[in-house]
Amino acid sequence: MRRHSDTTQEDFDRLLAWLDEDRDEAGKKYEKIRTRLIKIFACRGCCEPEDLADETINRVTARLSEILLNYQGDPVVYFYGVARKVHLEYVRRQDRSVPEKVTIDRNDDEERMYECLDRCMETLPEKNQQFVIRYYQDEKKAKIDNRNLLAAEMGIAVNALRIRAHRIRKLLKECVTSCMTNIAVN
């Protein structure tokens, strides 16, 4: 990963100029963007949210010449798009470092239910699998913040997000019930 020190003062000045013509206002926007990126990464369970936020800003800064030629719109949205890709890379790195299977002492019915849930999750399209995982991750305030962020990323209202989750959960429940019935019969 590139580190924050790889950005020159000239690059940083260009980034601030892109954010706002008024340097003080640009500085405020920069801090707001960085703080929000840190929150996004923290809510997604990242162990190093500050580093990932800095990596996102570094990537945007490194490509600023191209961005200025082609991108139209709010710079914040561009940062969020890059942050999404940085997060995906982070998740891939974490997946490689996690052991394949962790054995947990569960009773047989519970174990079968989790096996059925895994099978049913695999039948969902990749997009829906990721949606379910993100929708149910975290707890308390982090869960609420994550759901608000997810709704914003998808461009839908939080209530529409809940409806989508309910429909997918209903499909999963039917699939798990059917799977458990098939296991009991066999």
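To begin with, how far is the sulfur of Cys 46 from the closest cysteine sulfur, and in which residue does that sulfur lie?

Modeller: This is a predicted model, in which local features need pLDDT of at least 70 and side-chain atom pairs count only at pLDDT 80 or more, while totals for chains, interfaces and linings use all residues. Residues are numbered from 1 along each chain as its sequence is written, and side-chain values use heavy atoms, with hydrogens and water left out. The sulfur of Cys 46 lies 7.6 Å from the closest cysteine sulfur, which belongs to Cys 47, and that is too far for a bond, since a disulfide is a pair of cysteine sulfur atoms within 2.5 Å. Cys 46 is buried, with a relative accessible area of 8%, whereas Cys 47 is exposed, at 69% (buried means under 20% relative accessible area, exposed over 50%, partly exposed in between, with a 1.4 Å probe and protein chains only).

Elsewhere, a search of the whole structure finds 2 disulfides. One joins Cys 116 to Cys 179, with 2.2 Å from S to S, and it connects distant parts of the chain, 63 residues apart, from helix 6 (residues 108–123) to helix 9 (residues 158–185); helices here are DSSP runs of H or I, at least four residues, numbered from the N terminus. Both Cys 116 and Cys 179 are buried, and the torsion about their S-S bond is about -75°, so this disulfide is left-handed. The other joins Cys 120 to Cys 175, with 2.1 Å from S to S, linking helix 6 to helix 9 across 55 residues. Cys 120 is buried, at 1% relative accessible area, while Cys 175 counts as partly exposed, at 28%.

Definitions and conventions:
Helices (H or I, at least four residues) and strands (E, at least two) are DSSP runs, numbered from the N terminus.
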